[in-house]
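Subject: Structure handover

Hello,

I am passing the structure on to you below. My notes on what was found follow it.

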Amino acid sequence: MSCELKPSTVLRRSLLIGAALLLAGCQARPLYQDANGETRGALAAIAYSEASSRVGLETRNRLIFLASGGQETKTPEYSLDLVVSGGVEGVLLEEGADTPNAGRAAIVGTYTLKRISDDTVLKTGRRTAVALFDYPRQEFAKLRSVRDAETRAARELAELIYADLTMALGR
């Protein structure tokens, strides 16, 4: 009995063995966490600067929640200087009247992450988040839609900054 294999069978088997060897080197772990799980602890050890506006407070509170589950640290190892500003502008105008139908809330956050022990700047950045909204006819509903859009943009800004902080502390 002869043990001859077709070239296609040999190629197929060698590809399967090669793929198995490549996958054997893979490991599953969180993207922004080192092997000891220290990134999560480092994120929880950040002291945040005080907010000067409502959207700044919304962004700061969301960052605290993402980093530590909502509790500020008693013994900070890092400090984050966060400045949040933003504005609202009309996007679509009715042709007959000069009233906007839709708007855009743009929130800009500038931050600096420092290590407290040696005052080393680890990361600086500037992020922007935008939320679109409609202007209803009622005045209170109009004010509320603007506020909701600013809140959505502030939360999105916090997510972006959190991702930057996680990458900086996960190195």
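D164 sits in helix α4, residues 139–169; helices here are DSSP runs of H or I with at least four residues, strands are runs of E with at least two, and both are numbered from the N terminus. D164 is buried, at a relative accessible area of 5%. Buried means under 20% relative accessible area, exposed over 50%, and partly exposed in between, with a 1.4 Å probe and protein chains only. Apart from neighbours within four places in sequence, D164 contacts Y111, K123 and R127, where contact means heavy atoms within 4.5 Å.

Before the rest, the basis: this is a predicted model, in which local features need pLDDT of at least 70 and side-chain atom pairs count only at pLDDT 80 or more, while totals for chains, interfaces and linings use all residues. Residues are numbered from 1 along each chain as its sequence is written, and side-chain values use heavy atoms, with hydrogens and water left out.

On confidence, pLDDT is the predictor's own score for each residue, from 0 to 100. The chain averages 83, and 81% of the residues score at least 70. The lowest confidence is in helix α1 (residues 7–24), with a mean of 76, and the highest is in β4, at 93. Where pLDDT is low, the predicted coordinates should not be read in detail.

The chain has four helices and four strands, in the order α-α-β-α-β-β-β-α from the N terminus. Of its 171 residues, 28% count as buried. Among contacts between residues at least 6 apart in sequence, 62% join residues at least 24 apart.

E150 is also placed in α4. Its relative accessibility is 19%, so E150 counts as buried. The side chain of E150 makes a polar contact with the side chain of R54, at 3.1 Å. A polar contact is a pair of N or O atoms within 3.5 Å; within protein, one must be able to donate a hydrogen and the other to accept it, and residues adjacent in sequence count only if both atoms are side-chain atoms. Leaving out residues up to four places away in sequence, E150 touches R54, V55, V88, A105 and I107.

Helix α3 covers residues 54–68. Its 15 residues reach 21 Å from first C-alpha to last, close to the 21 Å expected at 1.5 Å a residue; the expected span is 1.5 Å times one less than the number of residues. The buried residues of α3 include V55, T59, L63 and I64. After α3 comes G69, with a positive phi near 80°.

The largest nonpolar core has 32 residues, of which I46, L63, L80, L113 and L165 touch the most other members. Such a core is a set of buried Ala, Val, Leu, Ile, Met, Phe, Trp, Tyr and Cys residues joined through side-chain atoms within 4.5 Å. The largest share of this core, 11 residues, comes from α4.

D119 lies between β3 (100–115) and β4 (120–134). Its phi is positive, near 60°, in a residue other than glycine. D119 is exposed, with a relative accessible area of 51%.

Regards
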